[in-house]
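Welcome! Take a moment to turn the model around on your screen before reading on. The report below walks through it step by step.

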Amino acid sequence: MEYPVLAGMFQNLMGFIARHTYGLADRVLPEVGWYFYLTALVMSLIWVATVRMVADLTGNRVWDTLLVAGSPLLIMHAFTNWDIPSIFFLTAALLAARNRKFWLAGATIGLGTAFKLWPLFALGAYLTLAIRKRQWAPFATMLGSAAAAWAAVNLPVYLRAPEAWAEFNRLNTERGWEWTTIYAVISRATGWAGFDGDGTPVILNALTLVLFLAGCVFTLVVGLRAPRTPRIAEILFLTVGFFLLFNKVWSPQYSLWLIIPAVLALPRWRLLLAWMTADMMVWPILMWHMLGAENKGLPGEVLNLVVLTRDGLIVATMVLVVRQMLGKVPDKVAAAHRGLDPLASAPETWRGTKRDTAGVHP
């Protein structure tokens, strides 16, 4: 199917529950409506649990949790797709690693990767710290348990139906760029048809991979050369940001992935709310554009402007995070935690400090 194995299992489970409970709503809802409401209910509960974990991770800046709980992106895309469970797994991994349960952190990263690819990027943040501190045991534990958890979910499906298992990879390899990527903006602005004359995105696939890997190398170099040990959220935010900016697909709900890393890395409320609001508007503007000129749809220039505004705000946030890592601008999160990273330090080392309330009115 079009989704990784665990996402497919989740969808199938919700379908099973919906089919066997539809009698409760058959007089007021179509079956597909009942499936949607049940799925939305379950994902809402998962999101509440996620927000609770974020409140733990924000430490002495607990009010920053409001940026997650009330994000404009959440209002628009919470139920656009099945991405909330992957965010839950990633957040659980950050909390488990903070509590030095590295095997659990790895397992939740593995499960998150079995749901969506992006939680795998968290390992890059911990690898950077392992290289910098020359402490390999925690990272090795996380990597091993992540691989084991991922294999436990994927291997039975692969052995039973290898072609079905590979369908997700095939679809993502063969598809072209999506409407709101930088490649689509260039195409609409210049009339350029694409990278590959035969219709297969071989060159595009290579370009997106090279650009993303270059972003990862840049993040690693900054992380290793920074005057202070970078915070986990800073590295994670840059990695996810580079992936979204350079990927050939930016489904609207993908932006949800960036909320928690952004809030934990750089809780500047005005900037983050500006980005989230601009990002929220990409989807309705895209729908309006897709009506076509014959149906009074918006011209491509308007869609390009909104996409570039979103991308520009993300890039601006990434630049500030890099400057923060290099000590060029103050780090409010570290300042609120005695100079420590609340994602990499035991709570007793920073708990009891005066709470930083600057996040409420940045």
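## An exposed lysine and its surroundings

At 73% relative accessibility, Lys296 counts as exposed, because the cut-off for exposed is over 50%. Please keep in mind that you are looking at a predicted model. Lys296 sits in the loop between α14 and α15. Although Lys296 is not a glycine, its phi is positive, at about 60 degrees.

Helix α14 covers residues 269-289 and helix α15 covers residues 300-325; they pack at an angle of about 155 degrees, and their axes are 9 Å apart. That angle is over 145 degrees, so α14 is roughly antiparallel to α15. Their crossing is left-handed.

Which residues of α14 meet α15? On the α14 side they are Leu271, Leu272, Ala274, Trp275, Ala278, Asp279, Met281, Val282, Ile285, Leu286 and His289. Their partners in α15 include Val302, Leu303, Val306, Arg310, Leu313 and Leu320. Sorted by class, the contact of α14 with α15 has 16 nonpolar, four polar and two charged residues.

## A second pair of helices

Now move to helix α2 (residues 31-57) and helix α5 (residues 84-98), which pack at an angle of about 30 degrees with axes 9 Å apart. Since the angle is under 35 degrees, α2 and α5 are roughly parallel to each other. The crossing of α2 and α5 is left-handed.

From α2, the residues in this contact include Met43, Ile46, Trp47, Met53 and Leu57, while α5 brings Ile84, Pro85, Phe88, Leu95 and Arg98, among others. By class, there are 14 nonpolar, two polar and two charged residues where α2 meets α5.

Here are the two pairs side by side:

| Helix pair | Angle | Axis separation |
|---|---|---|
| α2 and α5 | about 30 degrees | 9 Å |
| α14 and α15 | about 155 degrees | 9 Å |

Arg100 is found in the loop between α5 and α6, the latter covering residues 102-115. Arg100 has a positive phi of about 65 degrees although it is not a glycine. Is Arg100 buried or exposed? With a relative accessible area of 57%, Arg100 is exposed.

Tyr183 belongs to helix α10, which covers residues 182-190. Tyr183 has 4% relative accessibility and therefore counts as buried, the limit being under 20%. Tyr183 and Leu303 are 120 residues apart along the chain, and their C-alpha atoms are separated by 13 Å. You have already seen Leu303 among the α15 residues that meet α14.

## The whole chain

Now zoom out. How many helices does the protein chain have? There are 17 helices and zero strands. Along the principal axes, the C-alpha trace spans about 60 × 50 × 40 Å.

A compact globule of 362 residues would have a radius of gyration near 21 Å, and the protein chain agrees with this, at 21 Å. Buried residues account for 51% of the 362 residues. Finally, consider the contacts between residues at least 6 apart in sequence: 74% of them join residues at least 24 apart.

Terms used. Residues numbered from 1 in each chain as written. Predicted model: local features only at pLDDT ≥ 70, side-chain atom pairs only at ≥ 80, totals over all residues. Heavy atoms only, no water. Axes fitted to C-alpha atoms, helices over the stretch in contact; angles between N-to-C directions. Helix = DSSP H or I, 4+ residues; strand = E, 2+ residues; numbered from the N terminus. Parallel < 35°, antiparallel > 145°, perpendicular 65-115°, else oblique. Left-handed = near helix turned anticlockwise from the far one by under 90°. Contact = heavy atoms within 4.5 Å. Nonpolar A, V, L, I, M, F, W, Y, C, P; charged D, E, K, R; others polar. Rg over C-alpha atoms; globule rule 2.2 N^0.38 Å. Buried < 20%, exposed > 50% of the residue type's maximum accessible area, 1.4 Å probe, protein only.
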